[in-house]
Amino acid sequence: MSATAASAVPRAESPGRRALRRFLRHRLAVAGLVVVLAFVLAAALAPWIAPFDPVATSWSRIRKPPSELHLFGTDENGRDVLSRVLWGARASLLAGGLSVTAALTLGVPFGLLAGLAGGWVDTFISRVTDAMLSVPFLILAIALAAFLGPALENAMLAIAISASPIFVRLARGMAMEAKSTEWVEAARALGNPPWRIALAHVLPNIVPPLLVQATLAIAEAIIAEASLSFLGLGQQPPNPSWGSMLNAAQRFLTQAPWMAIYPGLAIFLVVLAINLLGDGLRDALDPRARGR
């Protein structure tokens with residue numbers, strides 16, 4: 001009887017499975033995930049699926065409209081636009097992913113330190129963070145990229161530094177909330193050192209909001225990289241980048257609009273998909289959404 005009764009009791013659903021179930025119910029988020037994975041796959045397979053060399057010029061194919069040979073047409077130097085869009089996805093997605101990863105690595109430790117230490121440490125870190133946040137994200141990234149010099153690596157570093165204050169503030173707020181909870185008080189009473197409390201008890205509980213913010217920050221980083229490349233501070237010609245392609249296309253909007261349409265559409269689709277994915281993750285990881 002006891003075994004039968006025990007087998008009849010349903011098992012409690014794990015938080016991971018519950019979050020996955022809520023995420024799969026969010027159709028727009030699933031669609032965003034599919035689009036993002038498609039762009040990532042296209043960028044990874046660009047050397048094999050790009051029909052032409054993205055930097056090979058041809059004076060006989062200058063500004064040719066879309067055709068069976070060149071599905072997206074050619075640019076002002078006769079280069080295949082489709083190939084350049086595929087290779088440009090590498091620069092944009094790499095800049096978005098690496099710069100946000102660097103911003104997390106830089107911002108989260110300072111946020112945890114400020115939230116858990118308090119006192120003058122919190123005051124100093126908070127004032128520096130507020131000063132950086134007082135400057136618009138893109139303006140700060142442009143200033144840093146101009147100071148470091150035009151290169152994709154410098155653009156990614158500038159984006160990472162500009163995005164890190166957001167993670168400092170988020171990690172600080174979550175750490176201040178977590179350090180007053182019962183499990184942190186119990187860990188402190190057992191004699192755990194501060195670094196162990198931060199890494200083993202506070203950080204795992206603030207990962208979900210950090211993950212959501214990182215997803216949304218990737219979209220901002222992609223736009224920032226395109227803006228920097230448009231201004232000549234990011235990926236340098238002839239290497240393809242969506243932003244530099246738009247910069248070259250602005251002189252031929254009436255004669256060859258396809259030069260601007262396809263890289264602009266790529267930026268629009270990937271940023272929209274990442275934002276939809278971030279919204280879905282926020283709804284799935286939010287404990288208050290359990291009853292929705």
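Student: How much accessible surface does the chain come to, and what share belongs to carbon and sulfur atoms?
Tutor: About 15600 Å², with 68% of that on carbon and sulfur atoms. Those areas are Shrake-Rupley values with a 1.4 Å probe, and for residues only the protein chains shown count as cover. Keep in mind that this is a predicted model, where local features need pLDDT of at least 70, side-chain atom pairs count only at pLDDT 80 or more, and totals for chains, interfaces and linings use all residues. Residues are numbered from 1 along each chain as its sequence is written, and side-chain values use heavy atoms, leaving out hydrogens and water.

Student: OK, what percentage of the residues count as buried?
Tutor: 41% of the 292 residues. Buried means under 20% relative accessible area, exposed over 50%, and partly exposed in between, with a 1.4 Å probe and protein chains only.

Student: And how many helices and strands are there?
Tutor: The chain has 12 helices and zero strands. These are DSSP runs numbered from the N terminus: H or I of at least four residues for helices, E of at least two for strands.

Student: What does UniProt list for residues 89-278?
Tutor: An unreviewed entry there gives "domain: ABC transmembrane type-1". UniProt positions follow the numbering used here, feature names are shortened, and annotations may be inferred rather than shown by experiment. In the model, that stretch is 83% helix and 0% strand, with its end C-alpha atoms 20 Å apart.

Student: Switching to Ser83: buried or exposed?
Tutor: Ser83 is buried, at a relative accessible area of 0%. Ser83 sits in helix α5, residues 81-117.

Student: Which side chain does the Ser83 side chain join in a polar contact?
Tutor: That of Asp80, at 2.8 Å. A polar contact is a pair of N or O atoms within 3.5 Å; within protein, one must be able to donate a hydrogen and the other to accept it, and residues adjacent in sequence count only if both atoms are side-chain atoms.

Student: What else does Ser83 touch?
Tutor: Leaving aside residues up to four places away in sequence, Ser83 touches Ala50, Pro51, Phe52 and Pro54. Contact here means heavy atoms within 4.5 Å.

Student: How about Thr215, where is that?
Tutor: Thr215 is in helix α10, residues 194-230, and counts as buried at 10% relative accessibility. The Thr215 side chain reaches the backbone oxygen of Leu211 at 2.9 Å.

Student: Which residues does Thr215 touch, skipping those up to four places away in sequence?
Tutor: Ile274, Leu277, Gly278 and Leu281.
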